[in-house]
Amino acid sequence: MPFADVGPLKIESDLTDEQVLFLSDILPTGYMGAEMCDIQPSDVVAVWGAGPVGQFAMDSARALGAAKVIAIDKEPYRLRMAERAGHTPVNFEEVDVRSRLLELTGGRGPDKCIDAVGLEASHGSAHIAAYDRVKQAVRSETERPHALRQAILSCRSGGVVSVIGVYGGLLDKFPAGAWMNRSLTLRTGQCHVQRYMKPLLRRIERGEFDPTRIITHTLPLDEAERGFELFKNKQDDCEKVVLKP
């Protein structure tokens, strides 16, 4: 394996495997999403997607000083998990997200928005979801950019939209007018994991993060296929599976 000696991080404290496992990918990704927001103490931060990366983006926004963090998803168990962690849940299948965000922010919209969903996003409106499905089917679009569109349209003027959800190609109906005319800053990129591993390890050691809170299933390695199916199909309130060799 090329550069096999570059990736590993030696853990010299008495932390458990579960406490440090997510330093390899999803915790740095969530943290980078929040860091790109340049969070100020009075900021309201909205996060689209309450999956593992989204949960860590929420925790990171709070650790960086956000006054309020809002979790946007449709899965009740994911929203309950976010709420137990102290975040404000919004179910996009039950309410109009932009209207609810305006209510929660005194009519301004969130100061900072994080897209932690990317091209796998779904939408509470059937006709909008169908539009992008059709565009994908005829190969005139590669994404389902519901979360990105919504984040740009919901963010307050002069705010920041941070994109850590993955996009792979071309998307349709990008709201460039809202982005440009309301002076929004759009930041994105693949996570620089090595940059964050040691600083985040220190935060875990100080008790600022509890990465284990997202683990819902622990399975032996020979049940990996079952674990994948549980997560993929959102069965048994599955948020994150840890496999034990």
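Predicted model: local features only at pLDDT ≥ 70, side-chain atom pairs only at ≥ 80, totals over all residues.
In which sense do strand β1 and strand β2 pair, and over how many bridges? Residues are numbered from 1 along each chain as its sequence is written, and side-chain values use heavy atoms, leaving out hydrogens and water.

**View 1. Strands β1 and β2 side by side.** Strand β1 (residues 44-48) and strand β2 (residues 68-73) pair in the parallel sense over five bridges; two strands pair if DSSP finds at least two bridges between them. Look for A46, which stands opposite I70 in β2. Strands (E, at least two residues) and helices (H or I, at least four) are DSSP runs, numbered from the N terminus.

**View 2. The open sheet of six strands.** Parallel pairing gives the order β3-β2-β1-β4-β5-β6. At the edges are β3 (88-91) and β6 (185-188), each pairing on one side only. On average, neighbouring strands of this sheet are turned by 20° against each other, direction ignored.

**View 3. Helix α2 meets helix α9.** Helix α2 (residues 26-35) packs with helix α9 (residues 193-205) at an angle of about 95°, their axes 9 Å apart. That makes α2 roughly perpendicular to α9 (65 to 115 degrees). Axes are lines fitted to C-alpha atoms, for helices over the stretch in contact, and angles run from 0 to 180 degrees between N-to-C directions.

Terms used
Parallel < 35°, antiparallel > 145°, perpendicular 65-115°, else oblique.
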